[in-house]
Amino acid sequence: GINAEYGSTNNLNSNSNSNSIVAISQIKTAHSIGNKGGWLMKAGGKKIGHWQKRWLQLKNDEILEYFAKKEDKKPRGTIDLTIINAIVIIEQLITQKNHSFAIQTPKRTYYFYCSS
């Protein structure tokens, strides 16, 4: 697997029944959902246990921007969804949180969870 900020993503590919890997081809062939936004919790830069509430904005089904506040003009960061390796539903395997998932890119793995 790729090396991620929180260690090797090989842990995400274990044979646990709670993992679901979404194929990139499934994402690219899904219907366009346009520009959407919502609140998620995102793991902070250095510690997976440090969660921060972030407003995420999906732009043109390709770029996921995240902001500290919904009204912020400049994103705290962006994820280019056209180059992701996988989206993995991890359900407590690594995050210790329900409704959690990871977005794997060639350079980093981003961890998120939502309340439902």
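Guide: Lys59 is partly exposed because its relative accessibility is 36%, where partly exposed covers the range between buried, under 20% relative accessible area, and exposed, over 50% (1.4 Å probe, protein chains only). Its salt-bridge partner is Glu65, and the closest N and O atoms of the two are 3.7 Å apart. Glu65 has a relative accessible area of 13% and is therefore buried. A salt bridge here is a side-chain nitrogen of Lys or Arg within 4 Å of a carboxyl oxygen of Asp or Glu. By that rule, one salt bridge is found in a search of the whole structure.

The model is predicted: local features need pLDDT of at least 70, side-chain atom pairs count only at pLDDT 80 or more, and totals for chains, interfaces and linings use all residues. Residues are numbered from 1 along each chain as its sequence is written, and side-chain values use heavy atoms, with hydrogens and water left out.

As for confidence, pLDDT is the predictor's score for each residue, from 0 to 100. The protein chain averages 76, and 68% of the residues score at least 70. Residues 1–19 have a pLDDT below 50, and this stretch makes 48 contacts in the model beyond near neighbours in sequence, a contact being heavy atoms within 4.5 Å. Residues 23–29 are also below 50 in pLDDT, with seven contacts beyond near neighbours in sequence.
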